[in-house]
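Here are some notes on the salt bridges, as you asked. Have a look at the structure first, then read on.

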Amino acid sequence: MAVCVCVIGKDNGPIYMRSRSRADELSQTVEHNLSQMAFRGVTANTELQYNFIVSSALDIIEERALVGSSASGYKGNPSLHPSASGGAVGSIDGQQLATRELYLGALTAREEYKVYGYMTNTKIKFVIVIEETSIPLRENDIRTMFRKLHSAFCDLMSNPFYLPGSSINSKRFDAVVTSIMSGQ
Amino acid sequence: MRSAVSVILSGTAPEQNMSYPDYSQTPLDHQSLLVVVRHIGRQLRTKQFNRAFERISRINQLKVFDSQNQARHIWIRYLRGYPQENNDWGDFQTHRKALGLITVGQCNSQDEFNELCRIHESLKVGYAFTLYDSRCILFGLNQDGTLYEESHSSDISPCVDPADDGFHKKNESNSGSPRDSAVSSTAMPDSLQSCSNSGGSSAPSSIGGIINIPKKSTSSDSLQNYLETPNEDTFDSVSEDSSSRSESVSATIQYARMEQEAGLAGGQVNADRQSVDKQSTEPKSLVAPTNFKARTLFYPTMEHSQTLETDIEEFIASLFWILESKRMDKLGLRKADRHLLLNSLCAPFEKKDFVGLDLESKNNKRRADGRLKKQLGDLSLQAGLLSEAISHYHSAADILKSVNDWLWLAGALEGMCSASVACLYPQLRRSPTLQRNSSLQGSELTKYKVAAIGTTNSLPPGLDPEQIGGYKPMIKNCLTPAEILEKYREAVTHYGKYRQAGIIETEASIKAALVLIEQRQTLHAADFLQNAVFISLQLTEDEKMQRFNALSELYTKVGFHRKAAFFKRVAAMRCVSPHNPHPNWALCHSLLLQLLEGYKLSLNPNEISTYNFYGWPRLQMQVMQELVGTAKRKGNNALATRHMTFLVHAMLPHMSRDERREFAQQLEALSKDAEGLPVPLAIDNGLIVPPVHLQHTPSVKVFKLVPPTPHLKPEKVEDKKLEEASPFVYTPFSAHRDRGAKDVTKAEFSWVEGELCEVNVILENPLPIELKVSSMCLITEGVKFHVNSNVISIPAESNMFPATLTGKPLEPGTLRILGYSTYTLGVKSNIRLKNMKNMLFPHIDVEIVPALPSLDVSTSKPKSEFFSSFSDSVVTSASISLLMGETQECTVTLTNTGKVPIEHLEMKMDSRLDKQILDIFKWSEDNIMSQLPIQPGASASFTVYIYGVGDFIGQPDNSNTVDNSSVSSLPVSNAPSVDGPSSLPSRLGAISDRLRPKRTESSASNRSSVKSGGGSSVLSFPVRSPKVSMASNVKNYEAVLNLKYSGGPGFKTGHFRRCGVAFNVEVSPTLYITKWDTLPGESPAQFYLVLDLWNATDHEMEVQYAKNKQILVEKAESCRIPVPVDRCPMTNVEKGKEEQACCEHIVTNVDLKWVLPECSGKATMQGIRLTPPMVQLVTVSPIHWEITINGESVKPEEIRFDAGEMISVNVWLRNHLKEALEDLSLSLDCFQDYQNGRCNYKLDSRFAVIGNDSVLIPEICPGSSFQHALSMIFFVPGLYKVDFKCNRKSSEDCVWKFNPPLDIQIN
Amino acid sequence: MSRQSTSSRITADSKKVNSELFVLTYGTLVQQLVKDYESVEDVNKQLERIGYNIGLRVIEDFLARTNYPRCTDLRDTAEKIQAAFKMYLNATPSLSNVTADEFSLVFESTPFGEFTELPDACANLKYCNVLPGVIRGACEMVQMDVQAYVIADTLKGDNATEIRVRFIKKLHDALPAGED
């Protein structure tokens, strides 16, 4: 179940951010209850949480992108990547794929949620935060999400009234995102 | 996954955990010996201690040659403090054992000395089980103070220490745990013994540095050490104790058997050790307490401690040898005995699991074997034997895997990695300084500004893993970089299975991360860090904070700046978390400051402009808010204000309406406590926060200098020619244009010193609240400029709010306008033009001209509602309405409203319709000039005379020129007909009498027809309606009186000002002269000018046309008046100009004065035209008649004669012109006038003329005269008239008559 | 002459331009107009004028390709326009409420508008206002003075885009050469 969808522009600034604000979702995660305490006792809302999560996921995206561009070092070497490995290593297949396709795979993984990334060749990044549920999503489901997102973005770009790079404010795009977040 | 497994494998609540991970650890620390350096006593200042620590930790490597004379590289890691709990893990990973203790103190007296010794001992207690050796460095004890010190520095062997170590341990254990007193007591003697001889034997090693001998000694002493190890570990059961002792004994024997001479050597040294002891007991030197057996190193001061390094090296060496010996022992251990060691080979939390464990079980034996191998690995790694270590690890790993001893397997794997890393990436070893930074002591941390690690590829190429692997002597079965990653991962996974091993795991992850960073495998590094994040440890808030900070640092190393920033923030939050008993806002703030870069923030507003379009506004705003909050909480209000200002300034574009409002209000609130000033702020940690200027609230869209109003615009009397003369050949326009291109910073106009100058700005308020700018004024440089600040309040979200910034230049010169300053929301900001986007030039220069007077003009006449626009400098106006011919006065008052006197004044009347103006307006220049200079405040006045011009001649409707019709239609225009009785009325009557019959007469003598026309026209006058023509004849004249004035300093520099008064004159008609004619006057010297006057006003008008001659003319009536005028002497008038001359004569001599109830005026005959005959009449005739009858000159009355009587007549013609009159003809006519308008000229039968009645006169010279004589006889009585006339042959028209004709009565 | 030109056109017919490209082109055109003219009304006018000019020309081509006979009545015309839309835009508008002098062309979605979303600023922008212009221009060339205008637009949330065409009068004068 996707809980947050974010589009990030070339310059790594967010141009679209949409999150299902559910307080309990992240209450377990380390980040959350740490950064929860904002000032004057006001607890930062989950939306802010997603902002933080996605932004820190950017680092990895950039790294993956780098890997994609320069297939140097041992990173191409599959022997490095034992398939059976915990959450800490769950992202490796994604990194391998990065050299080949836009889908970047899982960026960070938790018990509570996974963050998946996707980057177009125009350096537009899509990030989807998936809430871990009893029925885990298959990789393909996530791919399809991204594909939907991408095509929606293409349509958006074709809208003569959308200024490329500006923050997205489009009903159609919203609709697509909603469909994605509602799990189709 | 980890969570699940860990729950299963880890037993009950972990009782023995390490307190907190050591984040500064690197894989290479596995290689190094751990030495704790402590600061003891109050006497030594921390600075001194730090210097000492510096010096000590500089010795972090030592090269020793072992028995095989191979070089061993020993690494040492110095720590200032080391938690015992961690120490307890020393068996699991030997590099965690604190092997050495160095205390540094200062003492000046005996009891201080005792005190220090006591502290030293107590410290030793902490690491009792692991400590090999210790030193107590004391400053302030002068070597020469006691011979004890000399001796000690030279020949005291280090190996005493292990002994008293051992000994002391007993004591400690006595005090510590009474239970094992028995054990210790039994253990004591041999331990003493062994140590004594060992001490002796090993003495040379430390002094002479002979390497091969000490092997035995060390071995023996290590044996002694070794003997104890079981004791330490086996307090619980005496049985075990005994077993271990027996085993130890056997070991002793074995060693004893090995060499004897060692014993002798030992003996000797033993001897002098006794002596040493004696010496030390001598009273005069400071005496160490009896229980104090540690080696003390005395140095007078830090400066006089050259031997410090060598002493330390010697200390290290001793540590090494002990270590080495331990290694050898373990190596030499019989397989059978190994399992006995199992108890000593376990992690703290395993101990109780092993209670009553069957040591003999095959599994446990293998396990023990594996663990021993693992420990051997550790030891040999520390002892500088990489390859051995690796091979040990390998075998250990194999064994442990087989027995599912995950924890130790992990240990082995990690060790394997560390070893490989040690040979692959030796450069990983940190420099001591960096090490110190990463430790987190308050403000120290803040100066750890996040190093610009940049992207992961930013490592120097030299550090590329392969290359390093390349030049390193490849040690066999050393792991490849790839394997290292793998093994680490495995290790971490295994660690993960034990909750108690959390800290080990954390450290392992961090080490792995470091290696991977080295390998530039940032993603994997990140994975490990990620993993480290999730290891749940129960830590205090402070420790958690440190943990996240460390993670953040590591992420920075990885190049994940956002993650780094994220954790920095988390750490910061930790500092002030509600759970935190004593929140540390300052620390929180400084941490937040460090994460700014991670979020692409910079406190410098100039940089932000480059940043703000990438980065994450939402987060940036969050962080800024938190900065504000912390700054506030830590009590630095100014800083809080500064941060808030920055937030409002930089983040404005990203804010929603509500946020804008909220933040603006917050800022306002904050600035109440500390207003924002445009000065850099220095934070306590030395960071400088640059000033922030609120440039967008309000933002200036237009910034325009206002030129002075036209009538105040200073002008320079520079001569254009000079400009043209300049070699450059561009017109002012082109010049202007390319000036515009280059820089428009020079204003086109100039301002005047001491007068108010204005700049118009248009402001935009982006906030949804009303923005109050409590002060807004210009920033200038150059000449002194007094700015007046003004208060503006801009309504919410208005984007076109005009305002005016004013000021007064106080001296002439060039004023440079740099920008403006505002004070709003409690923040003072200076905004420079060069920082404004829509400003194309960095500053504007204006020339300030010296002070000039300013003139205020007023007139005595009412202002006219409209005045001509052809001069823009007009300040006031006067409207005058007068009647034709009237003259009015208008007083113009000049007041000097300036500060300097008016010294110079020029006046000029300008008008579109030129020449007439000159006769309308008249004033006297010198009257004004006499009043100069006009002092400030004073005023001068002068009078302008306005005369109502207009042509009186002609019809009202087309009065502009004289119409010929009027001329031609004059009734008596023809000379010949003008005759009759000399008295005017009768004569007029006579004319009319004579006209009447003629009118019927059809014989077309042109004059008669002319007459009738004339008559009719005269009569027709009243008929025409004046009203129609009235309105059309009101005339307007516009003129501007231009004043050019100057004075004061401005006058000297040739500046001046101009202003103008607009006159609006409206002239309405009074009377018109519709017709005119000339009649002969009573005397030849005079003639009558007959005028038809028409009163165009609607009042009765009295016209005075000659002296005491006046007539009343009803309104809109006309009347005819004869004006007697002297004839015009035609002297010196050249031919053809006669008429003009006559006109002028008339204009000058005739003046009609009209008088209306309220006003009066004069009418001029300007523009009158005359026909030739009139000219005749006007001019004096050239011929003078003189006639005598019978000798007597005629008089103008009847002359009586009888019929038939002869009458002789003499006629003289005199010419009094300049030139001669030629071929004239003189003739006489005789006729009878029947008084009925008929004259009978047929008198042939009634009289006769003797002599000829007409003669031709060839010429009459000027002055001379011509005489003609004749006689005549009348036959019939009656009344006759005789008419003499003389005319030119050439021109019939001009005829001179004798006038009046003779009247002759014949009886 | 005309026949030859027709044949050449028909051959050129084989090359088709990608519809996306066309849509983008049109979109960019409109957006540029919006940028250039401050009032949306002006933009609508401009679009209509552009369309008109297109209509004046395209009718020639249309008649040349499909040598239809002259229209008998308005419905006839309507159908031909329908055909034209099919031919040129591959859009098939349906004819609705056809009266003696009026008819509507109903598109299920705004032509050229598949990606477009009107910003609030140009809420009353008639995005496809070219089409009425085209119709007007084309009809004028065949002596029909018609009035065409968009009365519903999917971009504005209507469920269909409808162009209403009203017949005004027949232009008897100026019969171009070649007619009858």
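Before the points, a definition: a residue is buried when its relative accessible area is under 20%, exposed when over 50%, and partly exposed in between (1.4 Å probe, protein chains only). Keep in mind that this is a predicted model, where local features need pLDDT of at least 70 and side-chain atom pairs count only at pLDDT 80 or more, while totals for chains, interfaces and linings use all residues. Residues are numbered from 1 along each chain as its sequence is written, chains are lettered from A in the order in which they are written, and side-chain values use heavy atoms, without hydrogens and water.

1. Salt bridges first: a side-chain nitrogen of Lys or Arg within 4 Å of a carboxyl oxygen of Asp or Glu. Over all chains, that rule gives 40 of them.

2. Asp29(B) pairs with Arg77(B), N to O at 3.4 Å. Asp29(B) sits in the loop between α1 and β1, Arg77(B) in strand β3, 48 residues apart. (Helices, H or I of at least four residues, and strands, E of at least two, are DSSP runs numbered from the N terminus.) Asp29(B) is buried at 6%, and Arg77(B) is buried at 7%.

3. Glu314(B) and Arg135(B) come to 3.0 Å, linking helix α11 to strand β5 across 179 residues. Glu314(B) is buried at 17%; Arg135(B) is buried at 0%.

4. Glu553(B) and Lys568(B) form a salt bridge at 2.6 Å, N to O. Glu553(B) is in helix α22 and Lys568(B) in helix α23, so the pair ties together parts 15 residues apart in sequence. Both residues are buried.

5. Finally, a network: Arg72(B), Glu324(B), Arg327(B) and Glu388(B) are joined by salt bridges that share partners.
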